[in-house]
Amino acid sequence: MALIVSNSSVQLTPLLGVNEGLRRHHSRVLVRSVGGGGDSLMVSQESVRIDGVCCVNDGGKKSEKNVVEELKPLWDDGYGTQTVKDFTEISMDLIKCDGGPPRWFCPVACGLPLNDSPVLLYLPGIDGTGAGLVLHEKALGKVFHVQCFHIPVWDRTPLEGLIQIVEETVMIENASSPNKPIYLFGDSFGGSLALAVAARNPTIDLILILANPTTSYEKSLMHPLLSLVRALPEEHYGMFPNVARLLMGDFVKMATVEINNTNHSSSLWKSFGNLAEDVPLLSLLGRILNKDTLTWRLELVESAAAYANSRLHAITAEVLVLASGKDNLVPSKNEAQRLSRLLKRCDVRSFEENGHAILLESGVNVLSAIKASHTYRHSSKYDFFKDFMPPSLTEFKSLPMETWLYRLYMGATMFSTMEDGKIVRGLAGVPNEGAVLAVGNHMLWGFDVFSLTLEFLREKKILLHGLAHPEVYHYKVKHEYDSETSDRKFKEEYFMVPYTDLMKLYGAIPVTGRNLFRLLSRKSYVLLYPGGAREALHRKGEGCKLFWPDKQEFVRMAVKLGATIIPFGAIGEDDMSELIIDYNEMKMIPFLDQMWNEYNRGRKNLREAMSGDIAEQTIHFPLLFPKIPGRLYYFFGKPIQTKGKENMLDDEDYLQELYIQIKCDVEKCVSYLLTKREEDPYRGIVERVVWQTNYGDLDHIPSFIP
């Protein structure tokens with residue numbers, strides 16, 4: 001394996017990997033200078049040291065030294081360990097001797113990715129440094145072969161030349177791994193460049209990630225800025241750093257990247273300190289974007305936007321747009337809506353509080369957006385199992401449901417049953433090895449799911465895969481060309497997408513027999529609600545009532561794979577809210593009846609062939625009135641072992657008896673909790689607030705004695 005460097009190469013900073021040891025043997029994107037004359041110099045690299053770990057160049061052979069373990073739940077994605085200060089330092093190193101043509105480099109912080117990871121090519125914004133991924137390098141480097149495109153300050157390669165450079169690399173990668181997608185991550189100007197490349201290569205499996213793309217150049221402040229820069233005398237160009245604030249975005253959000261990841265009590269003072277450290281960024285931009293360079297780059301933005309917009313119809317690539325709500329430079333939010341209408345496969349994630357430099361600001365986790373939109377895949381089609389990545393520690397900490405206020409409000413408390421029948425506080429009674437199938441009752445709206453899933457992560461470091469209704473899980477909005485209709489649907493998407501994104505991030509999978517089989521065969525922990533939507537959207541007077549099918553739907557699968565079945569009960573919805581208008585009452589109100597009929601038109605009813613209440617799976621949102629909160633309770637019964645019972649698969653009587661036993665155990669768990677919660681001195685939120693104020697520990701707020 002070798003490194004190709006042109007004769008006009010420049011020395012790069014140690015922060016950048018000038019070696020092929022960071023790449024897997026099958027990838028042909030090399031760290032190199034692109035273009036320029038002369039012969040290439042072949043430099044052999046036997047090994048490279050990354051963060052103290054030696055990565056040996058073994059010609060692509062498998063060895064323990066270059067095999068990365070698979071990601072585990074709550075893995076450390078490194079978010080917050082690098083900040084805008086690192087961006088400044090890397091950019092300064094890059095422009096010290098910034099000669100030569102555009103080239104690719106691999107940040108050392110990316111490390112070694114998982115086996116069989118796809119390639120991600122980062123295309124920079126108007127700064128051209130290629131260092132814009134600095135906050136996300138460690139996370140993306142776990143699951144991508146990351147290569148960043150660097151355009152030197154004095155380079156004047158025209159748009160067609162830049163497109164050809166990126167296109168050449170894409171073709172090389174595609175020839176090397178034709179069955180694997182290639183990711184183009186375009187930031188600002190890079191977004192237009194990525195769209196241009198995609199339009200010229202419709203037969204290659206490309207996935208575009210566009211962060212505030214500049215395809216709306218004509219409607220942006222960049223348009224008048226170009227005329228202003230051209231007319232500005234050289235002696236007055238020193239005022240540019242002040243304009244850079246507009247170009248870069250929200251400096252406060254840049255300063256709070258590390259703060260959001262630490263939860264220090266001195267976070268406010270630290271934020272002020274970070275703001276002071278980020279001041280050199282302004283002078284850096286003045287050095288990167290001198291008058292001649294800025295004029296040239298703005299002309300590139302203009303031509304790239306025109307080029308991409310004229311060819312949007314030819315783009316077949318899958319596209320994910322990351323749009324800022326407070327972008328003062330480009331109308332990113334409106335542009336995202338436009339692209340979602342014009343492109344064949346386009347998904348949008350909106351970040352309402354962020355500015356133009358979205359990748360350098362807090363509140364944005366690029367890998368989370370990729371995971372939640374199911375944009376990460378190893379082949380031509382997304383696979384729920386092969387392509388799933390467990391939640392990281394950053395994602396766990398940033399969850400709204402993980403805040404102290406939410407946890408205090410819900411007060412979720414868990415009980416489980418040991419093998420000897422003893423009931424204990426916590427999840428010690430849940431087996432430490434899968435396959436495990438947790439079967440229980442649904443609370444109203446299914447809001448019991450998040451507390452349960454997070455407690456499994458918190459206490460046992462186990463990801464509980466929920467089997468979800470496909471219509472909720474696959475929520476999609478088809479944008480129409482009518483502007484009024486499109487705006488309405490776009491707002492509807494903002495309401496639904498955050499909920500479904502959380503489900504995807506934390507392992508929810510559409511409920512099908514095949515998915516259940518694959519989960520249990522992988523020794524996973526699975527959460528199943530046999531009552532489904534009917535139970536989660538029950539009517540008045542039906543709280544804690546089970547709406548299960550007459551015949552077993554999951555027992556045979558569990559027995560076949562030897563899974564441990566754990567029946568559980570959950571209560572507490574009646575302590576949180578009062579059901580004001582249920583579905584039966586909505587049917588009597590004409591406009592509500594019509595609204596929900598339209599909403600459910602064309603949607604799947606998984607049990608429409610069944611008879612009775614279980615067949616009424618109409619999706620709707622009952623009207624609730626909040627109460628002074630009580631507490632959520634979960635009780636896991638004694639585990640039921642099915643291992644060794646495979647010979648009973650054809651015994652229908654045995655399977656039905658086991659099914660009835662599970663249902664009865666769930667009802668017993670619910671009954672037990674309804675009785676015992678009356679003994680809980682901390683059932684009310686006031687009592688929990690007093691206890692937390694005195695002791696400051698959310699994980700050990702007392703409850704009833706089991």
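Which residues does tyrosine 659 touch, not counting residues up to four places away in sequence? Tyrosine 659 touches Trp548, Pro549, Asp550, Lys551, Gln552, Phe554 and Val555, where contact means heavy atoms within 4.5 Å. The structure is a predicted model, in which local features need pLDDT of at least 70 and side-chain atom pairs count only at pLDDT 80 or more, while totals for chains, interfaces and linings use all residues. Residues are numbered from 1 along each chain as its sequence is written, and side-chain values use heavy atoms, with hydrogens and water left out.

**The chain as a whole**

- The protein chain holds 25 helices and 24 strands; helices (H or I, at least four residues) and strands (E, at least two) are DSSP runs, numbered from the N terminus.
- Of the 706 residues of the protein chain, 58% count as buried, a term that means under 20% relative accessible area, with exposed meaning over 50% and partly exposed lying in between (1.4 Å probe, protein chains only).
- Among contacts between residues at least 6 apart in sequence, 83% join residues at least 24 apart.

**Tyrosine 659**

- Tyrosine 659 belongs to helix α24, which covers residues 652-676, and at 3% relative accessibility this tyrosine counts as buried.
- Aspartate 550, one of the residues that tyrosine 659 touches, is 109 residues away from tyrosine 659 in sequence, yet the two are 9.4 Å apart in space, C-alpha to C-alpha.

**Helices α3 and α4**

- Helix α3 (residues 159-176) packs against helix α4 (residues 189-200) at an angle of about 65°, with the axes 10 Å apart; axes are lines fitted to C-alpha atoms, for helices over the stretch in contact, and angles run from 0 to 180 degrees between N-to-C directions.
- The contact is made by Leu159, Glu160, Leu162, Ile163, Gln164, Val166, Glu167 and Val170 on the α3 side, and by Phe189, Leu193, Ala196, Val197 and Arg200 on the α4 side.
- By class, the residues of this contact are 9 nonpolar, 1 polar and 3 charged, where Ala, Val, Leu, Ile, Met, Phe, Trp, Tyr, Cys and Pro count as nonpolar, Asp, Glu, Lys and Arg as charged, and the others, Gly among them, as polar.

**Backbone features in loops**

- Asparagine 212, in the loop between β11 (206-211) and α5 (222-231), has a phi near 45°, a positive value in a residue other than glycine, and is buried with a relative accessible area of 0%.
- Lysine 461, in the loop between α15 (448-460) and β17 (464-468), also has a positive phi, near 55°, and at 48% relative accessibility counts as partly exposed.
- Glycine 434 and alanine 435 are joined by a cis peptide bond with an omega of about 5°, and alanine 435 is found in the loop between β15 (423-425) and β16 (436-440).

**Cavities**

- The whole structure contains 5 cavities of 30 Å³ or more, a cavity being a set of points, on a 1 Å grid over the protein atoms alone, where a 1.4 Å probe fits but cannot get out, with lining residues having an atom within 4 Å of a point.
- The second largest cavity has a volume of about 110 Å³, and a volume is the space filled by probe spheres set on the points, which are joined across faces, edges and corners.
- This second largest cavity is lined by 15 residues, of which Lys371, His374, Tyr382, Phe388 and Lys504 lie nearest its centre, and the elements giving two or more residues to its lining are α12 (366-372) and α17 (483-505).
- The lining of the second largest cavity has 10 nonpolar, 2 polar and 3 charged residues.

Conventions. On a 1 Å grid over the protein atoms alone, a cavity is a set of points where a 1.4 Å probe fits but cannot get out, and a pocket is an open set with protein on both sides within 12 Å along at least five of seven lines; lining residues have an atom within 4 Å of a point.
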